[in-house]
Amino acid sequence: MANLEKKKKSILKRILKWTGITFLLLLIAIIVIPIFFKDEIKEMVLTEVNKSLLADVELGDFDLTFLSTFPHLSVQLNDTKITGREQFKGVELANIKEINAHVNLWSVMGGDQVEIEAVHIIEPKFDVRIMDDGKANFDIVKPDSLKTEEEISEPSKFKLSLKEYSIEKADIQYDDQQGNLYAKIQQLTHVGKGDLTADIIDFETKTTMDAITYKMDGLNYLTEVKTDATINLLMEFTEKTSKFTLKENEIKLNALTFFIDGFYEMLEKSSNMDIKFNASKATFKELLSLVPSFYKSGYESMIADGSLALNAFVKGEMDDKKMPAWDVKLAIEKGKIKYAGMPGSFQNINVNAGSTFKGGENLDLMTLDVSKFHAEFVGNSIDAFLKMRNPISDPLIKSNIKAKVNLATLGKVMPLEKDESYQGKLNADVNLNGRLSTIEQGRYEDFDANGILQLMDMNYKSAGLKEAVTINEMTFKFSPKEMSLEKLVGKTGVSDFNVDGKIDNYIAYFFRDEKLTGKFNFNSNNLDLDELMNLPAPTNTEEPTPTPPAAVEEAEPFLVPDNVDFLLITKVNNIKYNGVKVQNLTGAVNMKEEVAALNDLNFNAMGGSILMNGSYDTKNHHEPKINFSYVLKNIELKQLADNFMTVGKLAPIAKKTKGRINTSFNMSSSLNKALEPIYSSLNGLGDISSDQITVSGFKPLDKLAETLKMNKLSTQTLQDFKTKFKIEQGKVSVTPFNVNLGKIKTNVSGSTSLNQDIDYKIKMMIPKEEIPASIIKAAEQAISKINSAAPMLNVKSLPDFIPLTALIGGTVTDPKIDADLKKAVMEATGNSKDQLINNVKETVKDTAKAIINNKINETKEDLQKKKQEIMDEAGKQADKVKAEGKKAGDQIRAEAQKQADQLMKEAGSNPLKKKTAEVAGNKLKKEADVNAKKLEDEANKKADKILADAKERADNLK
């Protein structure tokens, strides 16, 4: 019995021993494995990325750990950035603070692929862009045509076996210029759970967004809407279908809560769906939360009554030709809105609107109706209705808007900002009734379009405006052909304006998106832009303390519409801008195809006259460009530099100069979002001249005078000054020009950079009488001693003019001078040590060199002639190869263009077919361009090899 007990204790002891050892080994493995595999996995990530993407990827810190995710291995990537190339160079598609991936340990240690079972993305920023030509910055996956055979055949080293994922605090911007769509999402957090490796998945998601903004075709559909959505799905996958069935879900936009029921099924060649929008529990007040003006001013205390019916469904098949059926309805009856503390209310709000489509291929059967819209408040009323049929083939529109509003009553029904008030009367009565075809055919008498929109005696005040805005009268009149601005007369502060004009083709623009044309006249006696823009009064401080630039992160540049052709003819008698007084401004601005062109803008300012022409190009929505030409006559230079930052930055000497100049120059630059020049892109070319200018207090000139001990140089009056200059990548370079600095004939050349670095060469011929007496005396004494001791050296006497080259570097505020006047004087007489030695040596060398050089030159000429013959023949062969490659590439592009044009022709006037044809055509042209470029690159490589081989043969000749 004792032996049995002893045996049990021995077994238990061994179990504990090996358990302890196993635990210790496991603990060691948890610590050691990440160390062993860290570099290997990081290399695998980089290899996979470089193999797959046409973008620059930057990885910050990289870490592996077991401790928090055991038994999974956690891969953590910090500060990951994906930046575009070529057209999207410098644009960050993604900037992700942290990516956490949980991977299967055994797949890392022994598998062919690393299995990723969970991904968590923390604080990412995504900037997604699609340009007008269809090119997208997210289209960065390498096509097979650009991959090596090894990259194509080699399977990925990673495999997605997701069971959960999340995105935390994401900021997303989506800008589709081709589709005219824009969306911005702030602080998106999204979590998804479910075994994505299964064929049937119960999938749960939770999404929140602090704000979402969505625009399409210039209209805001959602503006900073807070979103909270819980959506659960049943996902069923087969070889040929994927079906998503909505289970429990709830979506909340601001205060509006609704549910979605049904399914969406992806088939091989089409999709099938049956989706119902359920907002049966929503109230009128909750619907109003989607309207920013209601939601952002006293919404919580607002009382809103009335019945609301809001429902919709989408049902049926969708493919390249068919669209599913839909029915969307909104009804509000006896609505009332009253803010706490307000004496009046909005009441009798009645709305009945909807859109229907029976499904199928004929979208012409779609209807759009606002059969009733009515609202009243404090004796005011607004009524409207709209009926639209046959929107594709020949739109029929019937619409009327009537409004009679006393603006002074707005403060009785809704809270206004502090010091905000309205006065004036708005009257509108506009009727439209007819088909678009009558407008297109010029049968204006068959289209009923008439009415008036009038604003009288308007006065608007707010805390954000220095002065009230007054509109004495604004009158718009409507006809089938045009909208006519009969009169717009107004004033704010000391500024007045008078505008009239017309807009043509407004009906076809609305229905067919045809070009909108117009012409306006703008006249003003006095325009104070400093007051209108709240600009601070200018100061006389010579060197103002720099202030940090205003944040432009959220700003967007003004974009010129792509489908308008507007001409604005301007005449302003007096303007004030940034403290500068401008008189007699005339000119025209033409806005067309995303470009605003300035034509012959003429005005007087700064004591002279200025003529401007140029353009503001917004085809690149994120980085507009300017291209201007200027002719300035008799302008006070210091005023120009003080009031225009670019001049002061690129030509700092101008701030220390008095006098008038004449200049003409061209300038181009890209602009940032605050419409300021991106100086590295600034380029220009011009000339400048003046009868007389005086420079004083300019530090580089003061430093030169101090170094040469010639105080007269610090203040200079330049007569008949003239030079040319160029601006390249933000650096101003002057071509060498001659000028007299007092009695000193001088040649100047060099450049000034954006950060005020200077690099100038000053070549001077200094009269002997201008040189300090101490230097002259020392030079003459040295000459006398040498000629007495060694007359054969024949040291010359001091000449009348001493040449000196001064190099000026450093910065404008801290210049560095490299110049030695004493040395220059000695060299001018041949009295320097080196020159005396050289005088002896040179006499001996000259004769021998002459004989040897003659023979060497004869041999070199024969050899060079043979080398040139080889290179000339190679050049002809290379040019022929390049030309053949270019010709083949152009044929490929031309054929793609021909096919794209045929698709557009077959699409006819149907906008949906045209859109489909446009997308297909763009794809054809894009693929053709890739193939053509490949042919041209191969031809260029072959041509380069011909030249390289020829150069090698030529270099081997001896």
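Hello everyone. Let me start with the ten names I'd like you to find: Thr-223, Glu-224, Val-225, Asn-254, Ser-289, Leu-290, Val-291, Pro-292, Tyr-295 and Lys-296 line the largest cavity. What we have on screen is a predicted model, so please keep that in mind as we go.

How many cavities of 30 Å³ or more are there in the whole structure? The search finds one. The volume of the largest cavity is about 40 Å³. For anyone new to this kind of search, a probe the size of a water molecule is rolled over the atoms to show where empty space is left.

S9 gives the most, with three residues. If you sort the lining by class, you get five nonpolar, three polar and two charged residues.

Now pick out Asn-254 from that lining. Asn-254 sits in the loop between strand S10 (242-253) and strand S11 (256-266). Is Asn-254 buried or exposed? Asn-254 counts as buried because its relative accessibility is 9%, and the cut-off for buried is under 20%. The backbone of Asn-254 is worth a look too: phi is near 55 degrees, a positive value in a residue other than glycine.

Glu-86 also has a positive phi without being a glycine, with a value near 50 degrees. Glu-86 lies in the loop between strand S3 (73-83) and strand S4 (92-103).

Thr-570 counts as buried, at 13% relative accessibility. And what does Thr-570 touch, leaving aside neighbours within four places in sequence? The contacts are Phe-522, Leu-585, Thr-586 and Gly-587.

Next, a helix. In H12, residues 699-708, the buried residues are Pro-700, Leu-701, Leu-704, Ala-705 and Leu-708. Looking down the axis of H12, those buried residues fall within an arc of 140 degrees, so they line one face of the helix.

One more loop, please. Leu-754 is found between strand S34 (744-752) and strand S35 (758-767). Where in space is Ser-680 relative to Leu-754? These two residues are 74 apart in sequence, and their C-alpha atoms are 8.3 Å apart. Not counting residues up to four places away in sequence, Leu-754 touches Lys-649, Leu-650, Tyr-679, Ser-680 and Gly-730.

Finally, a word on confidence. The chain has a mean pLDDT of 81, and 81% of its residues reach 70 or more. Which stretches fall under 50? One of them is residues 4-9, where the model has zero contacts beyond four places in sequence. Residues 11-38 also stay under 50, and there the model has 19 such contacts, beyond four places in sequence. Where pLDDT is low, the predicted coordinates should not be read in detail.

Technical notes. Residues numbered from 1 in each chain as written. Predicted model: local features only at pLDDT ≥ 70, side-chain atom pairs only at ≥ 80, totals over all residues. Heavy atoms only, no water. 1 Å grid on protein atoms, 1.4 Å probe; cavity = no way out; pocket = protein on both sides within 12 Å on 5 of 7 lines; lining within 4 Å. Points joined across faces, edges and corners; volume = space filled by probe spheres on them. Helix = DSSP H or I, 4+ residues; strand = E, 2+ residues; numbered from the N terminus. Nonpolar A, V, L, I, M, F, W, Y, C, P; charged D, E, K, R; others polar. pLDDT = per-residue confidence, 0-100. Contact = heavy atoms within 4.5 Å. Buried < 20%, exposed > 50% of the residue type's maximum accessible area, 1.4 Å probe, protein only. Arc of directions from axis to C-beta.
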